[in-house]
Amino acid sequence: MKKSVITIIILLALVACKNNTKATSNTTDKSKAETKYPSDVIPFMDEWKILCGDGTKSDSLVSFSKENFFYVENDGITDWVVYKTPNSGVTSRTSSNTRTELGQKAHWIPETGGKLTGTLKVMHVSTTGDATAASSYSVVIGQIHSDEGHENEPLKIYYKKFPGHTKGSVFWNYEINTEGDNIGRFDYSTAVWGHDFSVVGSSHDTYPKEPENGIALGEEFSYEVNVYKGIMYLTFKSEGHETIKLTKSLIKSEFATKNEIPEQVLKVYANREKGGGVEREIAYAGEINYFKQGAYNQANAKSTKSEIYGGDITKQYANGSYAEVWFKDATVGEGTNPN
């Protein structure tokens, strides 16, 4: 073979190799460009840390995701941040329930205040549980959590849907901040759309009537929690539903005497050993609090008798034993004058 022919063959091979390398590089660059993190969808992630349902923790959420727990999903129109967590996994120090949930780094007292907003849709709640247990088939999608005292929760926003129902309920609970050493949990619940926390089934597999004004899985709604000068202002909105606005003082109790404890509380917590505790007159005044947002699954094997498949997360996901919540927008910051 002549030298000129050999030279041409070598040059062609080098060009082909170069083009192939360039194509591979372009594919890699394109893949990197298309990778989206929750912080790309909702930019406030630098304000938070996270605990996932498998025990994964991170204090740095910019360009962070966790497969099957905290990631981005597109519904064909919009990017959403997905929070997903099983009925059984790794829990926090103070809970028996798993969560894939943000915890606010900044802390504040009610008098200083703060604001949290979220636009979301709940995609799934556990399909198993005991219908007589108030927490069954539910997930908490936003919280105010105390970081001292009894470490109670002045606010928990719930979504709950019974099996076989198309529509579920949105409600919020206020935990009575009991005085002294009485640390029994006593939540007072207020319905937003549908039922409140106290509406349960008559037996473990008999459900109450489906709420007429409820929210379906996959139906978008939003909430705003605005704590300003010790008063909590709540606003809930959803297209096709009445906008709900409510207020609650976090610095002056409505439950400071036995006579002020609501009948709902006495009914729901009738079997608790420390039932009937009254609240501090100043409620949560001066107590350090912070926001939480995501999916705090309320289903577990003990209190709600939900299926956990031996704690195998893959099996739980395959068989409906999980909670999944999608957020497309959220903000956190200082409380503002509601007027």
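**Entry 1: aromatic rings.** I began with a cluster in which ring pairs join F64, F70, Y83 and F327. Rings of Phe, Tyr and Trp (for Trp the six-membered ring) pair here if their centres lie within 6.5 Å; planes under 30 degrees apart are stacked, over 60 edge-to-face, and the rest tilted.

A note before I go on: this is a predicted model, where local features need pLDDT of at least 70, side-chain atom pairs count only at pLDDT 80 or more, and totals for chains, interfaces and linings use all residues. Residues are numbered from 1 along each chain as its sequence is written, and side-chain values use heavy atoms, with hydrogens and water left out.

I then searched the whole structure and found 20 aromatic pairs. In one of them, the rings of W80 and W326 have centres 6.3 Å apart and planes at 50 degrees, so I noted the pair as tilted. W80 lies in strand β4 (residues 79–86) and W326 in strand β16 (residues 322–333), so this pair ties together parts 246 residues apart in sequence. Strands (E, at least two residues) are DSSP runs, numbered from the N terminus.

Are these two tryptophans buried or exposed? W80 is buried at 2% relative accessibility, and W326 is buried at 9%. Buried means under 20% relative accessible area, exposed over 50%, and partly exposed in between, using a 1.4 Å probe and protein chains only.

**Entry 2: charges over rings.** I looked up K84 and found its charged end over the ring of Y317, 4.2 Å from the centre. R99 places its charged end over the ring of Y296, 3.8 Å from the centre. To count, NZ of Lys or CZ of Arg must be within 6 Å of the ring centre and within 35 degrees of the ring normal.

**Entry 3: W193.** I found W193 in strand β10 (residues 187–193), and it is buried, with a relative accessible area of 2%. Its side chain reaches the backbone oxygen of E242 at 2.9 Å. Its C-alpha atom is 5.6 Å from that of S169, 24 residues apart along the chain.

**Entry 4: the lining around S169.** Which residues line the largest cavity? S169 is one of them, and the others include K160, F162, H165, H195, D196 and P211. Strand β9 (residues 167–175) gives the most to this lining, with 4 residues.

How values were computed. A polar contact is a pair of N or O atoms within 3.5 Å; within protein, one must be able to donate a hydrogen and the other to accept it, and residues adjacent in sequence count only if both atoms are side-chain atoms. On a 1 Å grid over the protein atoms alone, a cavity is a set of points where a 1.4 Å probe fits but cannot get out, and a pocket is an open set with protein on both sides within 12 Å along at least five of seven lines; lining residues have an atom within 4 Å of a point.
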